[in-house]
Amino acid sequence: MNAARRDAEGGRDLTAKRTKLSAFLDRWLADVAAPGVGVKTLAGYRWAVERHLKPELGNVWVHALTTEQVQRMLNRKRDDGLKPNTLM
């Protein structure tokens with residue numbers, strides 16, 4: 001079992017370290033998502049992360065990320081014509 005999964009399952013606060021969302025998402029994809037989903041699902045997750053999440057929020061420190069920032073991003077994506085289920 002990898003370190004990220006042990007940390008997450010053990011209830012360790014992964015946001016305590018100064019980590020940018022971009023790096024957190026890379027780690028999540030590799031250590032949490034990849035072992036637990038199918039190839040097509042993982043490809044969809046990677047696409048959403050690379051195409052939408054990282055460009056909009058990747059430079060934000062995880063510990064400083066707010067629900068307002070996420071909602072504003074989702075609103076912009078919706079206004080740009082993105083279907084609601086694409087990022088949910």
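**Figure 1. Crossing of helices α3 and α4 in the predicted model.** Helix α3 spans residues 39-57 and helix α4 spans residues 67-79. Their axes come within 11 Å of each other and cross at roughly 130°. The crossing in which α3 passes α4 is right-handed.

**Figure 2. Residues at the contact of α3 with α4.** On the α3 side, the contact is formed by Arg51, His52, Leu53, Glu56 and Leu57. These residues meet Gln69, Val70, Met73, Arg76 and Lys77 of α4. By residue class, the contact of α3 with α4 comprises four nonpolar, two polar and four charged residues.

**Figure 3. The largest pocket of the predicted model and the elements that line it.** The space within the largest pocket amounts to about 330 Å³. Two or more lining residues are given by each of α2 (21-36), α3 and α4. Helix α3 provides the largest share of the lining, with six residues.

**Figure 4. Residues lining the largest pocket.** The lining of the largest pocket consists of 16 residues. Those nearest the centre of the pocket are Leu25, Ala48, Val49, Leu53 and Leu87. One of them, Leu53, is also among the α3 residues that meet α4. In the lining of the largest pocket, 14 residues are nonpolar and two are polar, while no charged residue is present. The contact of α3 with α4, by comparison, includes four charged residues.

Methods
Residues numbered from 1 in each chain as written. Predicted model: local features only at pLDDT ≥ 70, side-chain atom pairs only at ≥ 80, totals over all residues. Heavy atoms only, no water. Axes fitted to C-alpha atoms, helices over the stretch in contact; angles between N-to-C directions. Helix = DSSP H or I, 4+ residues; strand = E, 2+ residues; numbered from the N terminus. Left-handed = near helix turned anticlockwise from the far one by under 90°. Contact = heavy atoms within 4.5 Å. Nonpolar A, V, L, I, M, F, W, Y, C, P; charged D, E, K, R; others polar. 1 Å grid on protein atoms, 1.4 Å probe; cavity = no way out; pocket = protein on both sides within 12 Å on 5 of 7 lines; lining within 4 Å. Points joined across faces, edges and corners; volume = space filled by probe spheres on them.
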